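Please open the structure in your viewer and keep the selection panel at hand.

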Amino acid sequence: MTHILPYLLASIILFSALPLHAFQVSLEHEPIYARRGFNPSWTARVPAPGEEGWLVLPGTGDKRRSAVLKQLPFENMPRRGFLSPKRVPPENFTFLISFDLAEGSPALERLTGAYFANIGENWAVYLNGRLLRSEVHLDAAGRIREYRHRREVLIPLDPRHLREGRNILAARIIADPTNIDSGFHRSVPFTIGDLAGLEHKRSETAAISLIVLYLFIGLYHLFLFARMKDERHNLFYGAFSLLLFIYLFSRTHAVYAFVPDSTLLHRIEYCSLYALIPLFGFFADLLLAGRVSPLTRAYAAFSALLALVTAAPLSNPFAIDVLRVWQVTAPVPLVYYAFVRIGGPVARDFAAALPERDRRRSPMAFIAAARRALGASTPGKLMLGALVLAACALFDILDSMFWAYDYVLTQYGFLAFTMGIALILADRFITAHGRLARSNELARNELDLAGNVQRSLLTETPRGIAGWEIAVAFEPLRGASGDLYDFYVNDNRLRGAFLFDVSGHGVSSALITMIVKPLVFRIFSRMRGRELDGIIASVNRHLENEFPRLATYLSCVLLRFSGNSVEYANAGHPDILHREKGKGARPVGSGGNGFRGEPLGVNITRRAPGVIRFRARKGDILLLYTDGVLEARNRQKERFGEERLIAALGEAPGGTAREALDFIMEEVREFIDPGELRDDITLVLIKRTA
């Protein structure tokens, strides 16, 4: 009983969706009358038997019955050859069919409708001689100005225009008689029925929902490609999905609200169709082989040629002939992708999954190997999706030939195929994300190791120095830093201090700091009697000579102390700050760039820094810092900046150097948003204590 329940529920949902008391007049058994030319008087009467000029298409009860102008046996009908550019002038044709309504028929009391599965190129519909709707768009010379080939046309019928007994539904067709789309090309040319029931029959809610899904899938994969340019298969799959959306949407009747001219609409439909196989080929080649095959390139060029010809201002029959060329040639790449590009790897996976000892055993070994080959590999999953799509397409072909259920399963097959590919790409993304996570973990470990090595090489903050007290705040953005500081102490006296900032941050910048530190110490010690600008120039020359390809630069400040006298030089670095006891803090120097030299490693102007001399008395504070402090931002994207740093130094307590620096760092941390940090932060506070 439980296995019947799903079918019962599905039946309830299906029938609840259908209008109650649906009324419909089946016209498959009624004859269709057709003739060349048009006269409004012909739309109000049924031709007499044998009346001259009329053709009679007998009723067959076959829903596949069509009334195509090209196939009607009128005398002296124009002809055109295959791929002929010849333009045939449009002609008028008249079609009519009669139906009977008994006394008390529901059609005489409520709204009904006339449904046409397909009609074109220009047309008008009449009921009992009364015009219901006209889509005739001709110029002064009688040529078609705008084409109106339509699918699933529904025209409401006013019950007042119907009558008991015989009624006549007629259509005027204006079209190129050599065009296969002229007339009524699809099944069930005429149906009269309850308007709500016919609206339900032509509803496209489910189909459009699927079509829009393809649009979003395409946009999603284009977004992935924009973020990861190396994953080129995302580009082609995104384009494939977008073109699939355009192709399927161009085949709905909802599209007529956006593109009323059917000639333009059909050209869009054909060109998007021609692009689908090449785009899929690029995707499959890149996904499975990492390169595009010559066949895919050749067929893409061929498809581009078909699209260019189709977009040219040629006749509609010529565009349909080009479509026939595509239909004949399309199996070649499809067979290649099915049996070579996809089938080849699947076959190899199957052979690998079937051990040699099992190849002569029961079929279960083959089933297990097939399951592994299809379900555990990218080619296998792609093959499964292709098989589902092929089964749906085969059903639709057989349905159009024999059954006429008109389910159009291909659009759902495309959904299964698309979702299968989405799962494949999701698996690849998860795998790539896992590799990236492992690489990031390794990089973090190496960065932390580099940071530990760097910190072990940094000078410990000197303590117990005569007349001076020092505090340092060193906060790398990541494990390793591009900031470097050092102090020169001799005989318990502070002789010098420097702060360097290497452009960038991370391991590469940290490596440079490890090279620069001993170099500066050696030069500073050897040139203790020279000016600071000469010391900085010597450091720059050594860097230029020893590392001529160093693709970075260094800014720095260098201080030299002698009692309460301080010498200061600056090479492209932020100004140091000086807070005199009992006064506010201020930048040392001009506050501009006049005294600064060029950063080390730039070597463009080779401007040497000026040397500034000043005195630091008891209680004075010097603050050295890197630009990471100034560039730190809050959630409103405001920079901490020099003014806030000067204010923080000015308000710092007058206790120890550590207390003053802790106060400044607290001000910095309260202001900034950790997510807005973009550089290392280093501050060195030097206080005169005697």
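A residue is called buried here when its relative accessible area is under 20%, and exposed when that area is over 50%. The coordinates belong to a predicted model.

**First stop: a covered strand.** Select β5, residues 91–101. With the cut-off above, eight of the 11 residues of β5 count as buried, so this strand is mostly covered.

**Second stop: the sheet.** As background, the strands of a sheet pair through backbone hydrogen bonds, in either a parallel or an antiparallel sense.

Select β2, residues 32–36, together with β5: the two pair in the antiparallel sense over four bridges. Tyr33 stands opposite Leu96 in β5, and Arg36 stands opposite Phe93 in β5. Next, select β10, residues 165–175, where the antiparallel pairing with β5 extends over 11 bridges. Within this pairing, Leu101 has Gly165 of β10 as its bridge partner.

Most residues other than glycine have a negative phi, and most peptide bonds are trans. Which two residues does a cis peptide bond join? Select Gly120 and Glu121: the bond between them is cis, with omega at about 10 degrees. Glu121 lies in the loop between β6 (112–119) and β7 (122–127).

Now select Asn76, in the loop between β4 (67–68) and β5. The phi of Asn76 is positive, near 60 degrees, although the residue is not a glycine. Is Asn76 buried or exposed? Its relative accessibility is 71%, so Asn76 counts as exposed.

Finally, select Asn128, in the loop between β7 and β8. Asn128 also has a positive phi, of about 55 degrees, without being a glycine. Asn128 has a relative accessible area of 15% and is therefore buried, whereas Asn76 is exposed.

Key:
Residues are numbered from 1 along each chain as its sequence is written. This is a predicted model: local features need pLDDT of at least 70, side-chain atom pairs count only at pLDDT 80 or more; totals for chains, interfaces and linings use all residues. Side-chain values use heavy atoms; hydrogens and water are left out. Two strands pair if DSSP finds at least two bridges between them. Buried means under 20% relative accessible area, exposed over 50%, partly exposed in between (1.4 Å probe, protein chains only).
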